[in-house]
Amino acid sequence: MTAALTLVGALIFLVGTLFLFFGGLGLFRMPDTYNRIQAGTKAVTLGTLLTLLGAAFMQPGWWLKLLLIAMFVIFTNPLSSQVLARAAHRAKVASHTGVDHLAEDGEDLA
Amino acid sequence: MADLLMFFGFVAAAAGFFLALYRFVVGPRAVDRVVGVDVLTIIAMTGILLAALISGREIYLDIALVYALLSFVGVIVTARFLEGGEQ
């Protein structure tokens, strides 16, 4: 039973680290800053949550601290992504399409 | 079997780490570098989690939590600093 749980946990951990790799790949490949923020935070958040879930399968006694870290990641990653995108927009970083609907609205809503 | 899967997971996370490190070094804008630091610290947090799993010590999870907290505060402060325009 414990061996089966460890195997399932290692599989989920591997899937999570693959998402971390895809996040790094998106950061490497994407054409402009906003796309990089998107790829870098969404895929990495999912990857971190999956690795924490895999760790909870491998060490069931650690669930409380793992849940604490997972809640922290869920709350803080979207926040830092939004603050970074707002900083990029206010620093007048252009998107690679050249379209800026937020500036066309006339006021800084971000 | 589980050890082999976790080794492959370590390799995938390390590959993602180096791709993010490329973005941190090359840039080209300051915001790109901050995104790179964000992803680097989160992958490093997963590395601390892996160290906790391998050594079997729960106390390492506290270090991972504090590391995530510090990286979050650092990213927020740097982003607020960059809002006034870079350089």
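Biologist: How many helices and strands are there in chain A?

Modeller: This is a predicted model, in which local features need pLDDT of at least 70, side-chain atom pairs count only at pLDDT 80 or more, and totals for chains, interfaces and linings use all residues. Residues are numbered from 1 along each chain as its sequence is written, while chains are lettered from A and ligands numbered from 1 in the order in which they are written. Helices (H or I, at least four residues) and strands (E, at least two) are DSSP runs, numbered from the N terminus. Chain A follows the pattern α-α-α-α along the sequence, with four helices and zero strands.

Biologist: Is A:Asn77 buried or exposed?

Modeller: A:Asn77 lies in helix α3 of chain A and, leaving aside neighbours within four places in sequence, is in contact (C-beta atoms, placed from the backbone, within 7 Å) with A:Thr41 and A:Thr45. A residue is buried if 20 or more other C-beta atoms lie within 10 Å of its own, exposed if 12 or fewer, and partly exposed in between. A:Asn77 has 23 C-beta neighbours inside 10 Å, and therefore counts as buried.

Biologist: Which helix supplies the largest share of the side of chain A that touches chain B?

Modeller: In total, 42 residues of chain A are in contact with 41 residues of chain B. On the chain A side, α1 (2-29), α2 (33-58) and α3 (63-90) each supply at least two residues. The largest share, 15 residues, comes from α1(A).

Biologist: What is the orientation of α1(A) relative to α1(B)?

Modeller: The axes of α1(A) and helix α1 (residues 2-26) of chain B come within 8 Å and cross at roughly 15°. Axes are lines fitted to C-alpha atoms, for helices over the stretch in contact, and angles run from 0 to 180 degrees between N-to-C directions. Angles under 35 degrees count as roughly parallel, over 145 as roughly antiparallel, 65 to 115 as roughly perpendicular and the rest as oblique. The orientation of α1(A) to α1(B) is therefore roughly parallel.

Technical notes: Contact = placed C-beta atoms within 7 Å.
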